[in-house]
Amino acid sequence: MGRYDTSIARFEEAKKVLAGGVSSNFRYHTMPVPLAIERGEGAYLWDADGNRYIDFVLGNGPAFLGHSPEPVLKAVRESLDQGQAFTTVHKAEIDLAHRLTELIPCAERVRFDVSGTQVDQIAMRLARAHTGRTKVVKFEGHYHGWADNIFASVAPALNEAGPHDAPQVLNQSTGQPENIRDNLVVQPYNNLAVLTDTVNSQAEEIAAIVLEPVACNSGVIAPEPGFLESMRKLCDANGIVLIFDEVITGFRVALGGAQARYGVTPDVAVFAKAVAAGFPLAAIAGKADIMEGVMAGVVHGGTYNGITSSVAACRASVEMLAADNGAIYDKVEKDGQALISGLQEIATRRGLPLHTQGLGQIFSTTFTENPPLLNYRDYKATDDPMRLAFIQGLQNRGIRVTARGTWFMPAVLTDQDITDVLEAADASASDI
Ligand SMILES: Cc1ncc(COP(=O)(O)O)c(C=O)c1O
């Protein structure tokens with residue numbers, strides 16, 4: 001029996017009925033196939049071949065509290081008896097909105113939805129309505145969902161991407177209209193001089209600047225000191241709406257998200273993933289005058305927005321995260337830093353260009369002779385085959401990490417897990 005035989009057979013079966021064998025393109029992996037996972041509990045997953053994994057993928061972020069956290073499941077079970085989708089407002093939804101306005105610095109008003117893609121859409125629509133302008137500035141390598149108007153320059157080929165200081169707007173999917181570039185401006189991340197020039201020359205047309213405050217989809221790149229603060233000032237001076245896409249960073253890098261961690265408050269922010277422990281809930285939060293656009297012509301719909309089970313899951317997750325003044329964040333920071341320094345020690349001892357960067361709650365491993373990574377192009381220049389070999393080696397030893405090298409830290413690791421991960425990493429590094 002091979003280690004992945006059942007996963008391989010399942011994938012063959014899936015491809016006959018599920019287009020592509022998976023329900024999202026981002027789940028298609030060749031390590032050797034998407035794993036047939038059967039069960040998740042705490043920091044662990046088990047596949048259909050009986051292999052156990054310490055999971056650093058966590059459903060691409062949501063399972064920050066580990067898989068199947070009992071207080072969340074209990075809250076969801078209790079909510080199920082009340083009914084699910086009322087398409088009106090319910091008490092738990094109002095209470096949750098109150099709670100989020102206490103926790104998220106920019107949140108004067110909140111609205112619920114079901115996916116990150118969709119809250120990014122309403123954020124941009126509100127910004128356009130608020131300013132009467134149409135262009136949106138985004139950064140190369142940053143991801144804001146797969147909708148036509150923003151799914152551009154997320155992972156462009158460098159030979160097509162144009163110069164560093166004037167990146168092309170490149171569609172990421174066939175079937176997208178060509179004209180999305182008319183309303184988008186793509187910028188290099190962490191380059192204030194270029195951004196300042198762009199804003200100064202096009203201010204009258206720019207409705208919003210949207211970014212991942214920590215660039216988690218391209219190497220887990222933290223903002224350079226002063227970058228977010230200066231962007232805030234640029235937006236204020238030019239009447240531009242600043243949107244933080246906190247779909248990954250929200251409730252992960254701090255209870256109040258990256259805006260709380262870095263002390264820079266956007267006008268609007270969007271949340272999903274870790275906010276509801278794996279249940280489909282997303283939220284947009286922002287300044288009242290922008291958010292109240294929904295009463296002045298801006299339409300935001302969604303049959304499943306605010307359904308009882310997701311609201312219950314979100315409330316229970318948020319209370320777990322907020323317990324003891326957010327003590328969980330210190331634990332994850334400590335665990336993450338132990339892994340980061342352990343991985344760097346392995347790299348130094350073995351003389352490998354293995355580079356670990358990021359925060360305790362989310363970090364990345366890449367192979368590069370030129371650390372640190374400051375923007376998408378630095379990430380893109382890292383050694384893909386070496387990274388993939390390392391990650392395959394980890395997976396073969398029961399450690400599951402995303403193919404792009406991002407480690408989503410679970411909040412429930414034990415000291416033994418950390419020892420096991422570093423042993424597996426040392427063995428995988430020695431194979432390389
Ligand atoms: C920063 C960011 N924004 C938006 C999205 C889209 O969220 P969803 O997959 O829930 O549509 C993602 C998904 O990974 C993301 O990482």
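Guide: Angles under 35 degrees count as roughly parallel, over 145 as roughly antiparallel, 65 to 115 as roughly perpendicular and the rest as oblique. This is a predicted model, in which local features need pLDDT of at least 70 and side-chain atom pairs count only at pLDDT 80 or more, while totals for chains, interfaces and linings use all residues. Residues are numbered from 1 along each chain as its sequence is written, and side-chain values use heavy atoms, with hydrogens and water left out.

Visitor: Are α2 and α9 roughly parallel or roughly antiparallel to each other?

Guide: Helices (H or I, at least four residues) and strands (E, at least two) are DSSP runs, numbered from the N terminus, and axes are lines fitted to C-alpha atoms, for helices over the stretch in contact, with angles from 0 to 180 degrees between N-to-C directions. The axes of α2 (residues 70–80) and α9 (residues 308–350) come within 8 Å of each other and cross at roughly 150°. The two helices are therefore roughly antiparallel.

Visitor: How many residues of the contact of α3 with α9 are charged?

Guide: The axes of α3 and α9 come within 10 Å and cross at roughly 35°, and the crossing is left-handed. In this contact Ala92, Glu93, Asp95, Leu96, Arg99, Leu100 and Leu103 of α3 meet Val311, Cys314, Arg315, Val318, Glu319 and Ala322 of α9. By class (Ala, Val, Leu, Ile, Met, Phe, Trp, Tyr, Cys and Pro are nonpolar, Asp, Glu, Lys and Arg charged, and the others, Gly among them, polar), the residues are eight nonpolar, no polar and, as charged ones, five.

Visitor: At roughly what angle do the axes of α5 and α6 cross?

Guide: Leu192, Leu195, Thr196 and Val199 in α5 meet Phe227, Ser230, Met231, Leu234 and Asn238 in α6, and these residues divide into six nonpolar, three polar and no charged. The two helices are roughly parallel, because their axes, which come within 11 Å, cross at roughly 5°.

Visitor: What is the omega of the cis peptide bond that joins Pro371 and Pro372?

Guide: Pro372 is found in the loop between β12 (362–367) and α10 (376–380). Its cis bond with Pro371 has an omega of about -5°.

Visitor: What is phi of Ser68 near?

Guide: Ser68 has its place in the loop between β3 (52–55) and α2. Its phi is positive in a residue other than glycine, and the value is near 55°.

Terms used. Left-handed = near helix turned anticlockwise from the far one by under 90°. Contact = heavy atoms within 4.5 Å.
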